[in-house]
Amino acid sequence: VGHPYIPNAPEIRKQMLKEIGAKSVDDLFSDIPKSVRLKRKLDLPRLSEQEARRHVRALLSRNRPTTELLSFLGAGAWPHHVPAHVRNLTQRSEFLTSYTPYQPEASQGMLQALFEYQSLICELTGMDVANASMYDWASSLGEAALMCARVTRRRKFLVPDLMSAERFSVLQNYASGPGLELVRLGHDGSTGQLDLSQLREQLGEDIAGVYIENPGYLGFLETQADEIGKVAHKAGALFVVGVNPISLGLLKPPGDYGVDIVVGEGQPLGNPVSFGGPSLGIFACRDDRRLVRQVPGRLIGMTKAADEKTRGFVMGLQTREQHIRRERATSSICTNQSLCAVAAAIYLSSLGPRGLRELAEICASNASYAMRKLNAIDGLETPIFDAPHFNEFAIGLNKAKTSAVKLNAKLLERGIQGGKPLANEFPELGEASLWCTTELHSREDIDRLAEATAEILEAAK
Amino acid sequence: MTGYRQARWGAEDKLEPLVFELGDKRRVGYSLPPKHSKSFKIPKKLLRTELNLPELSEPEVARHFTRLSQMNYGVDSGIYPLGSCTMKYNPKISEELAGLEGASSLHPYQSEETVQGALELMYRLERALAEVAGVARVSLHPSAGAHGEFLAMLIARKYHSSNGDGKRTQVIVPDSAHGTNPASAAMAGYEVVVVPSNERGRVDLDALKATVSDRTAALMLTNPNTLGLFEDEIEEMVKVVHDAGGLLFYDGANLNGIMGKARPGDMGFDIVHFNLHKTFGTPHGGGGPGSGPVGVRKKLEKFLPAPLVEHDAKRDRYYLDYDRPDSTGRIQAFHGNFGVLVKAYTYILMMGSEGLEEATEAAVLNANYIMRKLLKVKGYDLKFDASGPCKHEVVFSAESLKDGTGVTARDVAKRLLDYGMHAPTYYFPPIVPEALMIEPTESEPREGLDRFVEALEKIAGEARSDPDRVRSAPTATAIGRLDEVKASREPILSWRMYCKNRE
């Protein structure tokens with residue numbers, strides 16, 4: 001009967017075969033040695049569209065999305081409201097079904113949208129150059145470490161010890177290629193701030209880069225970022241910072257404290273969490289020739305048409321990339337997360353400076369309110385670190401008679417998804433978990449969490 | 001006149017303004033809930049004082065990005081014969097399902113009991129991909145093809161080091177390989193060694209024999225290769241590499257040419273990657289997000305990154321298995337591009353075994369149809385073996401056209417845009433002079449193929465009668481040819497750089 005996605009029906013295919021002098025379709029596969037031919041049919045069912053829809057809907061309905069549960073998870077994947085028009089516009093099939101804009105004349109729309117994404121990220125971070133996206137924050141960080149090593153021709157990269165284990169694992173894999181050494185710097189036990197004396201001890205002529213996160217993985221701000229940058233630069237190292245871009249509606253941009261490379265997770269800018277992917281790796285840097293020529297991934301540049309009049313956009317500095325430079329490319333990345341970048345451009349264009357500020361303030365004040373409410377509960381230490389926080393915070397449960405995992409199980413019975421348990425990542429914190437609030441949480445939501453938590457801890461006594 | 005005209009929004013000297021040139025200080029394009037608590041304790045010195053973002057209302061945003069989209073060509077616009085990119089139709093049902101809250105509003109750290117459907121979907125997708133490629137297990141983590149290649153190289157490294165074999169520092173790639181192959185091998189710390197193709201457009205077996213040694217970690221190969229030709233000596237190649245102690249990596253970019261006909265695992269490949277955004281119908285989105293799962297044979301299973309999705313049959317529960325002590329470690333912070341996985345799974349359901357095989361047959365037939373028709377057109381030739389069939393794509397050379405008229409493959413490609421057709425990949429693979437790499441996919445109807453060949457024939461005629469018309473193409477797109485040299489010499493990569501330059 002044919003298939004709806006295959007225009008040339010079996011009858012037409014027969015005619016076409018005849019026209020090109022083939023007896024049957026098997027002739028077209030005669031070059032595959034018999035010994036490697038598959039001698040059976042693949043074992044996969046075929047469904048009609050309504051059956052496929054029903055099946056997939058049934059599968060997905062067995063999930064309990066964060067729109068139904070009251071969730072306080074963040075940790076690098078932050079649920080925010082995605083305005084309806086963001087999805088609607090990114091779903092336009094001219095964007096959705098296009099390839100990498102290798103033909104700029106026919107792809108000005110995507111090129112300009114990506115140039116706007118790069119530009120908006122630059123304004124947000126205070127950098128001059130941003131690429132058109134990496135896979136996610138973790139791979140952006142990996143690429144940043146490699147770039148530091150290429151620029152400085154040094155082989156050591158310093159990172160904070162309070163960073164996500166998953167992100168660190170990705171970084172290790174990226175660093176392993178050229179054999180970079182990663183050194184984890186300690187922190188002040190009460191404030192979580194990077195240990196500057198350890199940093200100074202480590203810094204020498206072999207340090208390619210110093211990395212911090214601001215806000216840190218556990219939600220607190222790094223208040224000595226300025227100083228860290230100065231110390232790093234003095235030793236000839238590059239200064240790299242990882243960010244949650246929503247926080248930059250409120251916080252000082254990295255460009256204001258001497259950062260050379262900014263990485264981060266762009267998902268909260270108009271992209272749903274989607275079980276952790278598609279994500280959006282932010283990668284931006286200063287306009288320094290030494291840096292720009294070493295940037296990984298795609299850079300969209302403004303230029304003019306050959307008539308020298310009309311403004312247009314092209315993929316720039318392509319000689320850095322794998323399709324030209326092959327094994328000497330700055331990275332192997334080709335397909336990236338472009339459409340997520342377009343979503344981010346639409347999102348940032350819609351929020352503007354005031355919207356983003358207001359949003360960041362709501363996120364921060366919700367966290368502040370939640371920390372106060374939770375800290376008032378007997379047995380909880382909230383936040384663990386005495387420092388300013390943005391929208392995430394770590395809770396200590398060492399004085400409670402339950403574990404983070406057990407607390408979450410009890411909360412789940414009440415329709416609440418608690419924060420991420422941290423025992424595996426940071427055993428030194430004892431029982432602890434990482435919580436997040438955004439504009440999605442109402443005051444009542446936070447009150448509900450606090451009441452439920454108090455009840456559960458009381459019962460566990 | 002070709003009768004085609006792409007939308008062009010804008011004024012005389014520029015297209016649609018940049019978003020920074022739109023809007024007004026008092027406009028609002030958002031609505032937020034009220035702030036219910038005013039306080040947060042962040043010292044003033046950590047706060048920013050200014051943020052230069054544009055201020056637009058929602059209708060302006062919608063209009064701006066709609067206009068941009070209209071100046072962009074996609075698979076839904078017309079033929080998209082971009083070689084090695086498999087620009088097939090992207091089913092709308094997949095978009096609908098991936099957009100459901102049961103997929104889009106899941107958090108990667110939710111308790112397993114609240115994401116059973118997602119885990120089952122991943123488990124089933126893994127089984128389906130393993131069946132198509134003939135491998136034991138598949139990691140769904142990689143976000144794109146090159147990401148998958150990188151993971152494959154990490155697996156190869158881990159395998160050799162687990163054998164106490166530290167000497168294997170080289171990865172072999174054919175001269176016809178995708179650029180990502182050598183780049184990914186280099187990222188994993190390997191030295192890249194190139195092996196030449198023979199006059200039949202296949203890897204030169206003798207050269208391969210001379211290249212392998214006890215330093216060989218792996219051979220990276222796509223089959224069908226980038227010339228669209230099946231590497232028919234694959235079994236000998238596998239033996240040569242395996243005998244030398246190396247592994248074989250299959251670049252899955254060209255899997256659309258063999259589904260249901262042959263499987264990389266059965267050919268002897270040890271590590272296989274998939275491009276779900278090529279073979280399995282998920283959209284490219286102008287350059288991503290894609291998904292590049294990696295499958296391995298049994299002996300390499302333990303090196304796949306944690307976690308894998310497992311099924312506890314007794315309790316009928318799906319779970320994430322993090323207990324993988326030999327794993328390579330992560331290349332992705334979470335579980336891969338899950339939204340893309342939902343789309344690929346839906347596509348596989350809609351195709352089934354028969355549909356996938358039919359897609360391959362129709363795609364290969366379309367490529368052969370173009371090959372046979374275009375061979376009759378003066379100016380376009382095959383540089384390698386033209387006796388047998390091609391697979392999903394075919395690489396022509398416009399060298400004779402260039403010699404006769406001065407019109408290049410690039411000019412031909414640009415002129416095709418004027419006919420409302422996307423250009424083939426050109427100047428790749430590098431072993432074909434004036435290459436035009438054509439992959440029509442199964443999504444193109446016969447009359448579309450006919451029109452494409454006719455257009456190429458007309459362009460060859462124009463090249464002879466009016467070469468300037470071809471050289472000055474395109475003129476029917478939103479903008480004509482762009483100054484790419486200027487873009488690289490004086491890079492303007494953001495609005496900020498543009499404003500600084502202007503000052």
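Tutor: Let us take it one feature at a time.

Student: What should I know before starting?

Tutor: This is a predicted model, in which local features need pLDDT of at least 70, side-chain atom pairs count only at pLDDT 80 or more, and totals for chains, interfaces and linings use all residues. Residues are numbered from 1 along each chain as its sequence is written, chains are lettered from A and ligands numbered from 1 in the order in which they are written, and side-chain values use heavy atoms, with hydrogens and water left out.

Student: How many helices and strands are there in chain A?

Tutor: Helices (H or I, at least four residues) and strands (E, at least two) are DSSP runs, numbered from the N terminus. Chain A has 14 helices and 14 strands. Its C-alpha atoms fill a box of roughly 80 × 55 × 50 Å along the principal axes.

Student: What share of the residues of chain A count as buried?

Tutor: Buried means under 20% relative accessible area, exposed over 50%, and partly exposed in between (1.4 Å probe, protein chains only). Of the 461 residues of chain A, 69% are buried.

Student: How do I read a nonpolar core?

Tutor: In soluble globular proteins, nonpolar side chains tend to be buried together. A nonpolar core is a set of buried Ala, Val, Leu, Ile, Met, Phe, Trp, Tyr and Cys residues joined through side-chain atoms within 4.5 Å. Here the largest core has 187 residues, and A:Phe157, A:Leu199, A:Leu218, B:Met153 and B:Ile271 touch the most other members. Helix α12 (residues 338-375) of chain A gives the largest share of this core, 16 residues. Another core, of 129 residues, lies apart from it and includes A:Val36, B:Leu106, B:Met122 and B:Met351.

Student: What does A:Asp31 touch?

Tutor: A contact means heavy atoms within 4.5 Å. Leaving out residues up to four places away in sequence, A:Asp31 touches B:Arg202, B:Phe230, B:Asp232, B:Pro389 and B:Lys391. A:Asp31 sits in the loop between α1 (10-19) and α2 (49-60) of chain A, and it counts as buried because its relative accessibility is 11%.

Student: Which side chain has a polar contact with that of A:Asp31?

Tutor: A polar contact is a pair of N or O atoms within 3.5 Å; within protein, one must be able to donate a hydrogen and the other to accept it, and residues adjacent in sequence count only if both atoms are side-chain atoms. The side chains of A:Asp31 and B:Lys391 are joined by such a contact of 2.7 Å.

Student: Where is B:Gln332, and is it buried or exposed?

Tutor: B:Gln332 lies in the loop between β9 (317-321) and α10 (338-374) of chain B. With a relative accessible area of 0%, B:Gln332 is buried. B:Gln332 and B:Ser143 are 189 residues apart in sequence, yet 7.8 Å apart in space, C-alpha to C-alpha. Their side chains make a polar contact of 3.2 Å.

Student: What does the side chain of A:Thr303 reach?

Tutor: A:Thr303 belongs to strand β9 (residues 299-304) of chain A, and its side chain reaches the backbone oxygen of B:Asp483 at 2.7 Å. A:Thr303 is buried, at 2% relative accessibility.

Student: Where are the cis peptide bonds?

Tutor: One joins A:Gly277 and A:Pro278, with omega about 5 degrees. A:Pro278 is in the loop between β7 (261-265) and β8 (281-285) of chain A. Another joins B:Phe428 and B:Pro429, where omega is about -5 degrees, and B:Pro429 is in the loop between β11 and β12 of chain B.

Student: What is the phi of A:Ser274?

Tutor: A:Ser274 is not a glycine, but its phi is positive, about 50 degrees. A:Ser274 is in the loop between β7 and β8 of chain A.
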